[in-house]
Amino acid sequence: MNVPENLKAAAIQATTQAYSPYSKIKVGAALIDHDGNIFTGANIENASYGLTICAERVALANALMKWQDRSRPLFSKMVITNSTGTPMPPCGACRQMLLEMNENAEIFFETAGGWTSALAKDLLPGAFYMREDLAEENG
Ligand SMILES: [Zn+2]
């Protein structure tokens, strides 16, 4: 498995920015856009647990704020890592957001057998899509 080393290093660095006083788990994510810019994110927890934001979605939000050429997908690759030494694949909410920002993006994460990667669209079979006809009727 060829994990992009620059993204892996950025994801590891991003774990140091985690705000995780409850789980103590520090997750980092790093993505690269089509111009070679790298954006990172770390998990941000909250005492109201449901408000917690995963590292993957923080990285996407970071990149979204600089996304100029919206004719191209937001990003092409993302690497996700964490401080526990055990695999933590992206959760369902993150898979939905990764899919929307580029269904063909390659997502790298750790499994029990080591690193693996998958296309965003393959991480969420049967994903939710907004029906265009409904969007047009209502917008
Ligand atoms: Zn998540």
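Visitor: Does Val3 count as buried, partly exposed or exposed?
Guide: The model is predicted, and the class comes from a count of C-beta atoms within 10 Å, where 20 or more means buried and 12 or fewer means exposed. Val3 lies in the segment before α1. Its count inside 10 Å is 18, so Val3 is classed as partly exposed.

Visitor: Which residues does Val3 touch, not counting residues up to four places away in sequence?
Guide: Val3 and Leu123 are 120 residues apart in sequence, and their C-alpha atoms are 17 Å apart in space. Contact here requires C-beta atoms within 7 Å. On that basis, the residues touched by Val3 are Lys8, Val79, Phe108 and Trp115.

Visitor: Which residues of the largest nonpolar core touch the most other members?
Guide: In soluble globular proteins, nonpolar side chains tend to be buried together. The largest such core in this model has 33 residues. The members that touch the most others are Ala29, Ala30, Leu31, Ala55, Ala59, Met78 and Ile80.

Visitor: Which helices and strands each supply at least two residues of this core?
Guide: Both kinds of element contribute. The helices are α1 (5-15), α2 (55-64) and α3 (92-101). The strands that also supply at least two residues each are β1 (27-32), β2 (38-42), β3 (77-82) and β4 (106-111).

Visitor: What does Ala55 touch, leaving out residues up to four places away in sequence?
Guide: Ala55 is among the core residues that touch the most other members, and Ala55 is buried in α2. Its contacts beyond four places in sequence are Ala14, Val27, Gly28, Ala29, Gly41, Ala42, Asn43 and Ile80.

Visitor: How many of the 10 residues of α2 are buried, and what covers them?
Guide: The buried residues of α2 are Ala55, Glu56, Arg57, Val58, Ala59, Leu60 and Ala63. That makes seven of the 10, so α2 is largely enclosed by the rest of the structure. The cover over these residues includes α1, β1, β2, β3 and α3.

Visitor: Are α2 and α3 roughly parallel or roughly antiparallel, and what is the handedness of the crossing?
Guide: Two packed helices are described by the angle between their axes and the distance between the axes. The axes of α2 and α3 come within 9 Å and cross at roughly 30°. An angle under 35 degrees counts as roughly parallel, so α2 and α3 are roughly parallel to each other. The handedness of their crossing is left-handed.

Visitor: Where does Lys24 lie, and what is its phi?
Guide: Most residues other than glycine have a negative phi, and most peptide bonds are trans. Lys24 lies in the loop between α1 and β1 and is exposed, with 10 other C-beta atoms within 10 Å. Although Lys24 is not a glycine, its phi is positive, about 65°.

Visitor: What distance separates the C-alpha atoms of Lys77 and Ala120?
Guide: Lys77 is found in strand β3 and is partly exposed, with 19 other C-beta atoms within 10 Å. Beyond four places in sequence, Lys77 is in contact with Pro4, Leu7, Leu31, Ile32, Ala105 and Glu106. Lys77 and Ala120 are 43 residues apart along the chain, and their C-alpha atoms are separated by 9.5 Å.

Technical notes:
Residues are numbered from 1 along each chain as its sequence is written. This is a predicted model: local features need pLDDT of at least 70, side-chain atom pairs count only at pLDDT 80 or more; totals for chains, interfaces and linings use all residues. A nonpolar core is a set of buried Ala, Val, Leu, Ile, Met, Phe, Trp, Tyr and Cys residues joined through C-beta atoms within 7 Å. Helices (H or I, at least four residues) and strands (E, at least two) are DSSP runs, numbered from the N terminus. Two residues are in contact if their C-beta atoms, placed from the backbone, lie within 7 Å. Axes are lines fitted to C-alpha atoms, for helices over the stretch in contact, and angles run from 0 to 180 degrees between N-to-C directions. Angles under 35 degrees count as roughly parallel, over 145 as roughly antiparallel, 65 to 115 as roughly perpendicular and the rest as oblique. A crossing is left-handed if the near helix is turned anticlockwise from the far one by less than a right angle, and right-handed if clockwise.
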